[in-house]
Amino acid sequence: MRGLNEDLDVAIVGLGPAGASAAHAAAQAGARVAGFDRRKEAGFPVQCAEFVPAMMGMDTGPVMAALVQPIDAMESFVEFTQDRRSPDFRGKMVDRAAFDRELVERARSTGASMQFDCELAGVESDGTLLSADGTKLHARVVIGADGPRSNIGKAIGCINTELVETRQATVPLLRPQRSTDIYLSARIPGGYAWLFPKGDVANVGLGVDARWRRRLKPELDSLIGMLVEEGKIGRKRLAHTGGAIPVGGSVGVAGRLGETQVLLAGDAAGLANPITGAGIPAACISGRLAGEAAVRLARGEREALSEFYDEIEDLFGASLRRAVSRREELLARLRAKALDADGLRRGWIAYPQYWNEDGAPPPSEQRKNIDDLLEA
Ligand SMILES: Cc1cc2nc3c(=O)[nH]c(=O)nc-3n(C[C@H](O)[C@H](O)[C@H](O)COP(=O)(O)OP(=O)(O)OC[C@H]3O[C@@H](n4cnc5c(N)ncnc54)[C@H](O)[C@@H]3O)c2cc1C
């Protein structure tokens, strides 16, 4: 962590959408901010299907800077048969590497120090961060934006335990399209498969509950074979990627290590949607809120902590809880060998039965944890 050892207000681990949004917000508010990431460069390698759903509160500037094509609709397939067209699922396909780079450059332009090729190796009990090269970094507030297997989250006991694993290929797209295609099947446990168009190529992939990860390769091969037969895509694979998505819902957004206040954002906080896997908007929004809260906390405004928690809960709490409960239903039906077409529809956002008012469990213990932190 060369040159990062000055007296810092905010240190950020992980410079994906959550960390870069946090760095931008904190530096813009006048804080001394340093962020670092183990990747050699921003956004690379891409581990994403690159669809950004339209969402209230999402800052659209960086999305437009990385725009590849608009999406107007969603086509849902049940057991590989077309079942529903939803014109109201709009969004944008982006070049994810360009998107992440844009967020990092925007943070740099406000004065944040953003360093790559720098890995977090450990966290001391007082919140001091240790890098792999042996340097130490201390800040008043640490933001953990280090993704689904967050080490900062682990240090404060907030750990994503439920994960979906994914596998994706980029392939030639033979006819342009403006819908995302979603494949729901009992062969894809705890997840779904997708074809997302990106100009003259498409990202074709699937995610399954981590316990069934051995299905990823054969099921992707089978899906690609089917789409080639249908004349939708070319056979040549231009790139492969994959990665984990947290699907257990929020794990909490705050903790403390000695005198150091710790906040979590994005996947580290478990804010990706457990049904769709979409986490870019939540990462950007929660990152910005964490950055703003961190500046206030560094100045001694302790109420910023509960306001941060309340904003995250208001924005994401209900939809995360609904998605978690629908996912649990899907898995229970699967285990009982009773996952039929109706069960699959109830577990997907394009169907009215997904939105029925039942089943979502009450808010968790997390509010109590925030109150405990405030009293400590
Ligand atoms: C295959 C796949 C497809 C997806 N498709 C979509 C999609 O189409 N739309 C959507 O909205 N979401 C999608 N997601 C989810 C989305 O990518 C994430 O929700 C989003 O990237 C979360 O942003 P983040 O900043 O919280 O975490 P990340 O983007 O994961 O960033 C975390 C950063 O922390 C760094 N880091 C981790 N550990 C350390 C360490 N020890 N030291 C230093 N740095 C560290 C990593 O290098 C990384 O850059 C997909 C995910 C996967 C895996």
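Helix packing and salt bridges in a predicted model

Helix H1 and helix H6 (residues 280–298) pack at an angle of about 35°, and their axes lie 7 Å apart; axes are here lines fitted to C-alpha atoms, for helices over the stretch in contact, and angles run from 0 to 180 degrees between N-to-C directions. Helices (H or I, at least four residues) are DSSP runs, numbered from the N terminus. The structure is a predicted model, in which local features need pLDDT of at least 70 and side-chain atom pairs count only at pLDDT 80 or more, whereas totals for chains, interfaces and linings use all residues. Residues are numbered from 1 along each chain as its sequence is written, and side-chain values use heavy atoms, with hydrogens and water left out.

The crossing of H1 and H6 is right-handed, a crossing being right-handed if the near helix is turned clockwise from the far one by less than a right angle, and left-handed if anticlockwise. On the H1 side, Pro17, Ala18, Ser21, Ala22, Ala25 and Ala26 meet Ala283, Cys284, Gly287, Arg288, Gly291, Glu292 and Val295 of H6, where contact means heavy atoms within 4.5 Å. By class, the contact of H1 with H6 has 8 nonpolar, 3 polar and 2 charged residues; Ala, Val, Leu, Ile, Met, Phe, Trp, Tyr, Cys and Pro count as nonpolar, Asp, Glu, Lys and Arg as charged, and the others, Gly among them, as polar.

Within helix H1, Ala26 is buried, because its relative accessibility is 0% (buried means under 20% relative accessible area, exposed over 50%, and partly exposed in between, with a 1.4 Å probe and protein chains only). Not counting residues up to four places away in sequence, Ala26 touches Val10, Ala31, Val33, Gly291 and Val295. The C-alpha atoms of Ala26 and Ala294 are separated by 7.0 Å, although these residues are 268 residues apart along the chain.

Helix H1 (residues 17–28) also packs with H3, their axes coming within 8 Å and crossing at roughly 20°, so that H1 and H3 are roughly parallel to each other (angles under 35 degrees count as roughly parallel, over 145 as roughly antiparallel, 65 to 115 as roughly perpendicular and the rest as oblique). The crossing in which H1 passes H3 is left-handed. Pro17, Ala20, Ser21, Ala23 and His24 of H1 make this contact with Arg96, Phe99, Asp100, Leu103, Val104, Arg106 and Ala107 of H3, and by class the contact has 7 nonpolar, 2 polar and 3 charged residues.

A search of the whole structure finds 30 salt bridges, each defined as a side-chain nitrogen of Lys or Arg within 4 Å of a carboxyl oxygen of Asp or Glu. In helix H3 (residues 96–109), Glu105 and Arg108 lie 3 residues apart, about one turn of the helix, and their side chains meet in a salt bridge (2.9 Å, N to O). Glu105 is partly exposed at 44% relative accessibility, and Arg108 is partly exposed at 33%.

In helix H7 (residues 303–335), Arg326 and Glu329 are likewise separated by about one helical turn, because they are 3 residues apart, and they form a salt bridge whose closest N and O atoms are 3.2 Å apart. Arg326 is buried, with a relative accessible area of 1%, whereas Glu329 is partly exposed at 21%. Glu329 also forms a salt bridge with Arg346, the closest N and O atoms being 2.5 Å apart. This pair links distant parts of the chain, since Glu329 is in helix H7 and Arg346 is in helix H8 (residues 341–346), 17 residues apart. Arg346 is buried at 16% relative accessibility. A network of salt bridges links Glu162, Asp209, Arg211 and Arg327.

Technical notes:
Helix = DSSP H or I, 4+ residues; strand = E, 2+ residues; numbered from the N terminus.
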